[in-house]
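Subject: Structure for you to look at

Hi,

Here is the structure I promised. Please open it and keep it in view while you read my notes.

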Amino acid sequence: MVTYKRILLKLSGESLMGQQEYGIDQAMLKDYAEQIKEINEQGVQVGIVIGGGNIFRGLSGAANGFDRVKGDQMGMLATVINSLALNSALTAVGVKSRVLTAIRMEPVGEFYSKDKAIESLERGEVAIFSAGTGNPYFTTDTGSSLRGIEIEADVMLKGTRVDGIYTADPEKDPTAQKFDNISFDEIYNRGLKVMDLTATTMCKENNLPIIVFNMDQKGNLKKVVTGENIGTLVHL
Ligand code: UDP
């Protein structure tokens with residue numbers, strides 16, 4: 001039995017790099033596709049937003065002299081590249097999916113609308129939402145909050161390489177403690193960097209809970225949708 005019937009899965013671009021310094025690790029992509037297949041077969045409706053940090057980020061571009069808006073547009077295009085890669089990997093494991101873009105660019109992908117997204121989900125197709133929100137100065141975390149709210153997802157699942165939210169960065173501070181659950185307000189009060197504040201606030205204001213979990217461990221996605229208590233649940 002699944003606990004969540006419709007989810008918005010957020011994957012970072014960086015996680016697609018696997019052990020590489022840049023770009024897309026095929027093994028990583030295949031692993032993600034297989035985990036998504038598992039829950040798709042259980043009848044979970046899956047919307048996905050994938051980042052672009054493995055290819056380009058507007059902020060770092062701006063630090064190197066790029067115009068911020070152009071850099072952000074480059075970043076949004078990077079998310080389209082990753083979305084096409086995931087689309088292709090899902091096809092390879094026998095899962096139907098479609099790429100919807102926040103910026104018009106047929107025939108690369110169809111222009112996003114809520115109706116098209118819901119149609120895909122109800123047909124059992126994975127919907128991949130690319131190009132973030134379509135606007136500069138936003139992130140794919142905000143894109144995920146937005147799409148998650150629009151498609152009326154039960155939960156946003158943020159797949160990362162750490163297994164949840166900690167009091168401090170567990171990769172730097174050995175005394176860091178993990179939360180099983182935490183409220184939005186506590187995230188603000190403690191200044192925790194789960195997502196950027198715009199994305200977090202959108203989830204809070206529209207009552208979309210978030211679960212942060214380790215997606216790099218095979219089988220974890222299935223565990224999360226079946227309600228196993230791994231990761232950290234962020235609630236009102
Ligand atoms: N981006 C943007 N608007 C959006 C979403 C993304 O301008 O609505 C750009 C921004 O430059 C960002 C880049 O796309 O740095 C890649 O997205 P993000 O950094 O969120 O990717 P991730 O960190 O998840 O890999």
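UniProt lists G52, D72, T133, G134, N135, P136, Y137, F138, T139 and T140 under "binding site", in an unreviewed entry. These residues span 89 positions in sequence, yet no two of their C-alpha atoms are more than 14.2 Å apart, so they gather at one spot. D72 sits in helix α3. Helices here are DSSP runs of H or I with at least four residues, strands are DSSP runs of E with at least two, and both are numbered from the N terminus. UniProt positions follow the numbering used here, feature names are shortened, and annotations may be inferred rather than shown by experiment.

Keep in mind that this is a predicted model: local features need pLDDT of at least 70, side-chain atom pairs count only at pLDDT 80 or more, and totals for chains, interfaces and linings use all residues. Residues are numbered from 1 along each chain as its sequence is written. The chain has a mean pLDDT (the predictor's confidence in each residue, from 0 to 100) of 96. 100% of its residues reach 70 or more. For the complex, the predictor gives an ipTM of 0.98 and a pTM of 0.97.

G13 lies in the loop between β1 and α1.

Now the ligand. How many residues surround the ligand? There are 25, and the closest are G51, G53, G58, G75 and G132. A residue counts as near if its C-beta atom, placed from the backbone, lies within 6 Å. Helices α2 (58-63), α3 (68-92) and α5 (140-150) each give two or more residues to this shell. α3 gives the most, with six residues. By type, the shell has five nonpolar, 16 polar and four charged residues. Nonpolar means Ala, Val, Leu, Ile, Met, Phe, Trp, Tyr, Cys and Pro; charged means Asp, Glu, Lys and Arg; the others, Gly among them, are polar.

Next, the sheet. It is open, has nine strands with mixed pairing, and runs in the order β4-β3-β5-β2-β1-β6-β8-β9-β7. Two strands pair if DSSP finds at least two bridges between them. The edge strands, β4 (110-111) and β7 (181-183), each pair on one side only. Strands β1 (residues 6-11) and β2 (residues 45-50) run parallel, joined by six bridges. In that pair, I7 stands opposite V46 in β2. Helix α1 (residues 26-41) packs on the sheet and touches β1, β2 and β5 (126-130). Contact means C-beta atoms, placed from the backbone, within 7 Å. The direction of α1 makes about 155° with that of β2. Axes are lines fitted to C-alpha atoms, for helices over the stretch in contact, and angles run from 0 to 180 degrees between N-to-C directions.

Two backbone details are worth a look. A cis peptide bond joins E106 and P107, with omega about 10°. P107 lies in the loop between β3 (97-101) and β4. A131 is not a glycine, yet its phi is positive, about 70°. You will find A131 in the loop between β5 and α5.

Best wishes

Key:
Contact = placed C-beta atoms within 7 Å.
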